[in-house]
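Thanks for coming. I will go through one model today, side chain by side chain. Please have the sequence and the structure open.

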Amino acid sequence: MKQVVQNYKSGELALLDVPVPGCKPGGVLVRSAFSLISTGTELMKVSEAGMSMVGKARSRPDQVAKVMQSVATNGVPATYRKVMGKLDSYTPLGYSLCGVVEEVGAGVDDVKAGDLVACAGNEHALHAELNWVPKNLYAPVPDGLAPRHAAFGTVGSIALQGVRQGESRLGEVALVIGLGLIGQLVVQLLTASGVRVVGVDPDPVRCELAERLGAAACGDPASAAVEATVAELTGGHGVDQVYLAAGGGSNEPVELAARLCRDRGRVVDIGKCRLDLPWNAYYEKELDVRFSRSYGPGRYDPEYELEGRDYPIGYVRWTERRNLACFLDLLARGSVDVEPLVSHIADFDDAVETYRSLKDGELKAVAVLFRYPERAGEAAAPVVAVPAVAVPTASRKPSPVRAARTPVRLAFVGAGNYATSMLLPHLARRDGVELATVVTTTALSAANAQRKFGFAGATTDLDAVLGDKSVDAVFVVTRHSSHAELTRRALLAGKSVFVEKPLALTEDELAGVLAAVEESGNDRLQVGFNRRFAPLLQEAKKQFGARTGPASLRYLVNAGRLQHGSWYLRQGTEGSRFAGEGGHFIDTASWLLEADPVSVYAVAASGNEDLQVVLRYPDGSTATISYVTTGAPGFPKETLDVLADGKVLRLDDFVRASVHGPGKWVSSRLPKARDKGQSAQLAAFVKAVRTGGPMPVPLESLVATTAATLAVRAGLAGGAPVTLAGAR
């Protein structure tokens, strides 16, 4: 299928061929009929992409701050790879469309194939021939409403939410600053509510359009006529609400709002304009400044948007989906008319030229629609998530060992930040490796990975990859909740499997993986515990030498706080942070102590995720892992000490290491990067797959580390040490 994309690094716009998205549970697959270009939001994004790197940095200081923090934590090379990987990728455009339901996912019962729906979301209602849309981001189109009008649904919801934030009442007077697409819709919504509206915009054509659509009067912001009209309509008191629907870097909108708003009036920001509030003006009138967050309650809440968990109507009357349905109803009843806003309808095949014309100013428009062919190709078979099967652990059959073969053909399931910055760069340039196929649930991420790393194919069809006998190994690099199930399926398909940590989030999931090993006789499994492969740590262990007595190991992990909205925070589905990351540190401790733990004791600080985990080993050694989220962001992430036999091994964040004892060894400071062992681990895995030799880490160790990680949760709940069953 085709999709409009942009490379944020180069500014290139393209109509790209990408895989068809799968129809996942909890949503529907929609074939687009019309999609709407947001001439404000999207053109701002297009313009930013055309800036120099310095210009991009100036326009997004928040992102620059994140980059600097990443440099402090991960080093310059790793940060550079991550940043350039994100910049030099195709990103989608679009967030408002109308289309026909092609396929219905499990758990959806309010629409059927063939129904017309309006869709929302900058990840789901894209300028693409097909989109997968979760349940709370679509709404059925009322009978008789034209699809091109229903395509305004998302933008209409933005305007509607702004009006709701203003709490307008019958008979009041409102000022709308900025008469672009959002401003024109706000004018109509206020007028339909019995509010008299004054509009402000420097474009006389837009002012005339707003007056035709119901505004009492409109004019240039510098015009004395606007102030005179406000004074006449309000008896000199000023407007009850001001709606900022303007963009740009001027501070004039907020200054004008203060002048024309009444005492204790409301100012609602809907657009993205400069907001240097003149303190005296806003203080003296005690103005109520409010923000309108996109389409309404539910926006940016992954449980609402992605998992379909609705808010009870008694507590949240107007959610994203209810706003969308409400706006469609207003359109169907004629209370709002969007036809006069349609400046141009372009065929989807002309999308790139249409954007260029808008950006260059050749096409003057309030609203532009893309019109899609009635049939643009057949949809691919859906990717179905199969629930994990919980079965008891059993002894394993010998694993089959195939004859050596070069090149080793690899498939990737998932192509997120970690895969594209820490794994694929090493594999793409490795001799004897062929990147066969990349599988993702979103079409564009597969296409990006294919373009950047040279995969022979890209798809959203996992079953086809697992059934491909030419694929030797499968990398599972998805979100934590899917690791165990995808690993289980790949093992049953006879593939060697590299799965990023964690292997499992529950004991049942772990048992399911082991049952797959037993059933298939395939134990060709490696978990991404890479730190034991780090060259600096390996050299330090060698310098420390053999150990005769028990050791005391101390591992401080300055994990830091997560950004709001990170999927790592979804503990209900993705597990705790320690469940996701803690295996790294337990595996490292066990490798250094050359044994698997026999018990786990964990305590947590009140009110945060800070943990103290104490592991006990068969020879009396102990390892204490302090996993801290409340430390200083500038402090190194990982520091480790091992003390035994009158010797001390010290590791400082994979930058410097030392061993103190009868002699002293100190590493030279690494000049370029923290090497945490990803490259060496991948080399060992590929070699094992190619030769049929043993996996880099024994399965027993992978299972023991996973079991110890899971035991932390049980230990926190029970407040007592947890003995690990089957510990060696």
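I will take salt bridges, then aromatic rings, cysteines, a surface patch and some backbone points.

First, the ground rules. This is a predicted model, where local features need pLDDT of at least 70, side-chain atom pairs count only at pLDDT 80 or more, and totals for chains, interfaces and linings use all residues. Residues are numbered from 1 along each chain as its sequence is written, and side-chain values use heavy atoms, with hydrogens and water left out.

Salt bridges, then. Side chains of opposite charge can pair when their charged atoms come close. The cut-off here is a side-chain nitrogen of Lys or Arg within 4 Å of a carboxyl oxygen of Asp or Glu. How many salt bridges turn up in a search of the whole structure? The number is 36.

One of them is between aspartate 17 and lysine 2, at 3.9 Å from N to O. Aspartate 17 belongs to strand β2 (residues 13–17) and lysine 2 to strand β1 (residues 2–7), so this pair ties together parts 15 residues apart in sequence. Helices and strands are DSSP runs, numbered from the N terminus: helices are H or I with at least four residues, strands are E with at least two. Aspartate 17 is exposed, at 57% relative accessible area, while lysine 2 is partly exposed, at 29%. For those words, buried is under 20% relative accessible area, exposed is over 50%, and partly exposed is in between, with a 1.4 Å probe and protein chains only.

Another bridge joins glutamate 172 and arginine 266, again with an N to O distance of 3.9 Å. Glutamate 172 sits in the loop between α6 (153–166) and β9 (173–177), and arginine 266 in strand β14 (residues 261–269), so parts 94 residues apart in sequence are tied together. Are these two side chains buried or exposed? Glutamate 172 is buried, at 11% relative accessibility, and arginine 266 is buried too, at 8%.

Next, arginine 409 and glutamate 434 meet at 2.5 Å, N to O. Arginine 409 is in strand β19 (residues 408–413) and glutamate 434 in strand β20 (residues 433–439), so the bridge links parts 25 residues apart in sequence. Arginine 409 counts as buried at 19%, and glutamate 434 as partly exposed at 29%.

On to aromatic rings. The structure holds 14 aromatic pairs. Rings of Phe, Tyr and Trp (its six-membered ring) pair if their centres lie within 6.5 Å; planes under 30 degrees apart are stacked, over 60 edge-to-face, and the rest tilted. Tyrosine 555 and phenylalanine 585 make an edge-to-face pair, 5.3 Å centre to centre with 70° between the planes. Tyrosine 555 is in strand β25 (residues 552–558) and phenylalanine 585 in helix α22 (residues 577–593), so the pair ties together parts 30 residues apart in sequence. Both residues are buried. There is also an aromatic cluster made of Phe412, Phe455, Phe475, Phe498 and Phe685.

Rings also have charges over them. The test is NZ of Lys or CZ of Arg within 6 Å of the ring centre and within 35 degrees of the ring normal. Lysine 647 lies over the face of phenylalanine 544, 4.5 Å from the ring centre. The charged end of arginine 299 sits over the ring of tyrosine 300, 4.3 Å from its centre.

Tyrosine 300 has a backbone point as well: its phi is near 70°, a positive value in a residue other than glycine. It is found in the loop between β16 (288–291) and α12 (302–305). Phenylalanine 654 also has a positive phi, about 60°, and counts as buried at 0% relative accessibility. Lysine 501 and proline 502 are joined by a cis peptide bond, with omega about 0°. For context, most residues other than glycine have a negative phi, and most peptide bonds are trans.

Now cysteines. How many disulfides does the search of the whole structure find? It finds 0, taking a disulfide as a pair of cysteine sulfur atoms within 2.5 Å. The sulfur of cysteine 207 is 5.3 Å from the closest cysteine sulfur, in cysteine 218, which is too far for a bond. Cysteine 207 is buried, at 7% relative accessible area.

Last, the surface. Leu275, Leu277, Val289 and Phe291 make a nonpolar patch of about 310 Å². Patches are made of residues with over 30% relative accessible area and no salt bridge, with like charges joined within 9 Å and nonpolar side chains (Val, Leu, Ile, Met, Phe, Trp, Tyr) within 5 Å. The areas come from the Shrake-Rupley method with a 1.4 Å probe, and for residues only the protein chains shown count as cover. Leucine 275 is in the loop between β15 (272–273) and α11 (279–285).
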